[in-house]
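Visitor: I am new to this structure. Please show me how to read its features.

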Amino acid sequence: MAELVPFAVPTGNDKTLLVWELSPGPTAEALHHSLFTVFSQFGLLYSVRVFPNAAVARPGFYAIIKFYSARDAHRAQKACDQEQLFQKSPVKVHLGARHKAIQHQALALNSSRCQELANYYFGFNGWSKRIIKLQDLSDLEGTDNEDTVAPLQKQSLKFFCALEVVLPFYECRSPGVGVAEEPLDKLEEGPLSLLMRRKTIQKLAIQKAVSDAFQKLLIVVLESGKIAVEYRSCEEITDVRIAEDLQDLIQGIPGAFPEVLALGSDSLFKTWRAGLRTIRALLQLWTLEGTPAFRTSLHQDPRGLGIK
């Protein structure tokens with residue numbers, strides 16, 4: 001069965017391992033290194049955290065290890081449970097508790113984590129990024145009147161970045177955008193300090209755009225070990241989240257009409273989306289109406305307004 005690995009912080013219990021019966025001899029830092037060395041052989045790790053046992057228990061440590069892949073976590077659990085690994089006594093390794101957890105929206109990975117995950121599954125040369133637009137928006141925060149100087153507290157450094165992540169082997173391109181801003185709340189020490197801060201904000205905007213581009217990609221790991229990629233547009237990702245929220249909303253309405261509950265979130269969402277498209281069409285008509293380009297395009301293609 002294929003497994004889906006998103007560019008998001010892993011939250012499932014099937015991706016989390018609990019390791020205990022760790023001896024008290026080594027330090028927590030040494031145990032962290034040993035655990036990372038052993039369990040990273042089974043797959044890419046998101047985190048390794050080591051904790052001391054509770055005061056009421058005997059001296060020692062336990063650890064919580066998170067994988068990106070549930071399949072890798074299962075293999076590690078079977079191979080390492082009741083084994084000595086790096087110490088004289090065996091350790092216990094179990095999967096996370098199987099209880100119904102509260103569903104939370106998945107948190108996006110930051111840029112460095114996204115690149116680490118992409119390098120692991122696609123290879124270092126299997127992907128690249130291409131910056132399309134990198135614009136300084138800092139001047140927009142100032143004033144149009146040259147004779148009036150805006151207070152420094154209201155000014156800020158702001159950059160916008162648009163780029164695309166390219167996967168040539170899969171013939172896939174994923175666009176992403178990012179905006180980074182930092183207020184100038186105090187006087188700068190000099191031009192060099194301001195230049196360094198501009199470079200930092202510029203880099204942050206690029207990192208946000210990279211993360212945004214990877215959020216639209218979904219890694220598909222087949223049973224054979226081969227890798228496929230699925231691209232999801234922003235609209236598709238938003239549609240899924242809105243449909244889930246809509247389902248919770250109509251179920252929580254006291255005294256809701258039976259017809260509404262019978263429709264379910266899918267039908268209600270389609271109706272909502274159709275209305276949204278109508279609003280978009282009206283806005284485009286209102287914006288373009290009266291222009292020669294509008295009349296020409298409408299005459300040649302009455303459905304050329306981009307409405308799907």
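**Aromatic pairs, cores and a pocket**

Guide: Start with the rings. This is a predicted model, and a search of the whole structure finds 7 aromatic pairs.

Visitor: How is a pair of aromatic rings described?

Guide: By the distance of the centres and the angle of the planes. Take Tyr120 and Tyr121: their ring centres lie 5.0 Å apart and their planes stand at 85°, so this pair is edge-to-face. Phe169 and Tyr170 are edge-to-face too, with centres 5.1 Å apart and planes at 90°.

Visitor: Are Tyr120 and Tyr121 buried or exposed?

Guide: Tyr120 is partly exposed, at 41% relative accessibility. Tyr121 is buried, at 14%. In the other pair, Phe169 is exposed at 69%, and Tyr170 is partly exposed at 24%.

Visitor: Which residues form one aromatic cluster?

Guide: Phe7, Trp127 and Phe214 do.

Visitor: Which residues touch the most other members of the largest nonpolar core?

Guide: Phe7, Leu117, Phe122, Phe214 and Ile219, out of 31 residues in that core. Helix α4 (191–214) is among the elements that each supply at least two residues. The largest share, 7 residues, comes from α4. Beyond its neighbours within four places in sequence, Phe7 is in contact with residues including Leu117, Phe122, Phe214 and Ile219. There is also a second, separate core of 21 residues, with Val19 and Leu35 among them.

Visitor: What lines the second largest pocket?

Guide: Its lining has 13 residues; Glu21, Leu22, Asn53, Arg58 and Pro59 lie nearest the centre. By class, 7 are nonpolar, 4 polar and 2 charged. Strand β2 (residues 16–22) gives the most, with 3 residues. The space inside is about 180 Å³.

Notes:
Residues are numbered from 1 along each chain as its sequence is written. This is a predicted model: local features need pLDDT of at least 70, side-chain atom pairs count only at pLDDT 80 or more; totals for chains, interfaces and linings use all residues. Side-chain values use heavy atoms; hydrogens and water are left out. On a 1 Å grid over the protein atoms alone, a cavity is a set of points where a 1.4 Å probe fits but cannot get out, and a pocket is an open set with protein on both sides within 12 Å along at least five of seven lines; lining residues have an atom within 4 Å of a point. Grid points are joined across faces, edges and corners, and a volume is the space filled by probe spheres set on the points. Helices (H or I, at least four residues) and strands (E, at least two) are DSSP runs, numbered from the N terminus. Ala, Val, Leu, Ile, Met, Phe, Trp, Tyr, Cys and Pro count as nonpolar, Asp, Glu, Lys and Arg as charged, and the others, Gly among them, as polar. A nonpolar core is a set of buried Ala, Val, Leu, Ile, Met, Phe, Trp, Tyr and Cys residues joined through side-chain atoms within 4.5 Å. Buried means under 20% relative accessible area, exposed over 50%, partly exposed in between (1.4 Å probe, protein chains only). Contact means heavy atoms within 4.5 Å. Rings of Phe, Tyr and Trp (its six-membered ring) pair if their centres lie within 6.5 Å; planes under 30 degrees apart count as stacked, over 60 as edge-to-face and the rest as tilted.
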